[in-house]
Amino acid sequence: MNYDRTYNFSAGPATMPEPVLEEIRDEMMNYQGSGMCVMEMSHRSKEFIKIASEAEQDLRDLMQIPDNYKVLFIQGGATLQFSMIPMNLTKYGKAVYIETGAWSKKAIAEAKKEGEVIVAASSKDKNYSYIPDCSDLDIPEDTDYVYICENETIHGLTYSTLPNTKGHVLVSDQSSMFLSRPCNVSDYGLIYAGVQKNVGPAGMVIVIIRENLIRDDLTNLPSYLQYKIHADNDSMYNTPNCWAIYVCGKVFKYLKSLGGLEAMAAINEDKAKVLYDFLDSSAMFHGTVEKKDRSLMNVPFVTGDADLDAKVVAYTKAAGFDNLKGHRSVGGLRASIYNAMPKEGVEALVDCLKRFENEYHG
């Protein structure tokens, strides 16, 4: 790794794998003999059609996506899915949501514009520091789907066990954990992920949807908001985010070269342990999430003093560590340690935090 670069702990847009960035750099002016950059290509050209089809196939290989699921590349980011999901999946007008942090809360607010929302479980009572018990939820029979944010980027918690949906469709926002560990796609009706956190550049969302959930009776819904339109047109109903698809495709190949998602999960567990072990042993810093629900991707932590937190952020930035300030809604600090963050970066951060703690108590 070339670390004259900053260790970037941003929650998104986030750090990218250096081998991928170097490959993109080398192809910037002339992509594989085409005489042009991918950003200049027609999305209908044979070169780009090949890029897009390979990206989809590599993602299918990584996640072992069954044939009865469609993979869609849609603009608008994850936020647009807060609306598209209820618009497309609501038949009876009722959906169950689990509230575990800022992003599930935003999704609930948008879904309420489309129909009845039942919040079947919430961890709001303890500032979203745990995942509530979802083993026996009160789910009405006429519920269209059950929705979770599987990894809450801001509050730093994740599901270790999926909810018991009692036979209903499970919808999951996987934006900040996408491709960080194996995923049994068949457990879900729909998975989506904004790519700017763990996969690629901002501006696109990947939607993986079971074919029987794609409806053809939504003729009054604007065309771009229908999953069927995107599925029928191979995600090229309009000009897609060609650059994001290209970069994501590079990342997919890179992850395959590392050994796939099982290998990535082992790397991520090992890397996160370095930071969590420090937080658990520190007299100054502590994590904010119950141990059983801790995210491997987003690690929020605090000193318990807002002024001291600010001093730590300034200290780490001066030492070459960026974007460690906690989200404005919760404060403290947060280290996002996505797939592309090397273990060496986490170890260096821990060393820096130890120095600050020693100097402060010194």
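I started with where α6 meets α7: Leu255, Lys256 and Leu258 of α6 touch Gly260, Ala263 and Met264 of α7 (contact is heavy atoms within 4.5 Å). I'm working on a predicted model, where local features need pLDDT of at least 70, side-chain atom pairs count only at pLDDT 80 or more, and totals for chains, interfaces and linings use all residues. Residues are numbered from 1 along each chain as its sequence is written, and side-chain values use heavy atoms, leaving out hydrogens and water.

I then looked up the axes: α6 and α7 (residues 260-281) come within 7 Å and cross at roughly 80 degrees. That makes α6 roughly perpendicular to α7 (the cut-off is 65 to 115 degrees; the axes are lines fitted to C-alpha atoms over the stretch in contact, with angles from 0 to 180 degrees between N-to-C directions).

Next, the largest nonpolar core. I find 54 residues in it, with Met63, Leu179, Ile206 and Ile208 touching the most other members. Helix α6 (residues 242-258) gives the most to this core, nine residues. A core here is a set of buried Ala, Val, Leu, Ile, Met, Phe, Trp, Tyr and Cys residues joined through side-chain atoms within 4.5 Å, and buried is under 20% relative accessible area with a 1.4 Å probe, protein chains only. I also noted a second, separate core of 29 residues, including Ile85 and Leu213.

Last, α9 (residues 343-361; helices are DSSP runs of H or I, at least four residues). Among its buried residues I list Val346, Leu349, Leu353 and Phe356. I see α7 and α8 (306-318) among the elements that cover the buried residues of α9.

Note on methods:
Buried means under 20% relative accessible area, exposed over 50%, partly exposed in between (1.4 Å probe, protein chains only). Helices (H or I, at least four residues) and strands (E, at least two) are DSSP runs, numbered from the N terminus. Angles under 35 degrees count as roughly parallel, over 145 as roughly antiparallel, 65 to 115 as roughly perpendicular and the rest as oblique.
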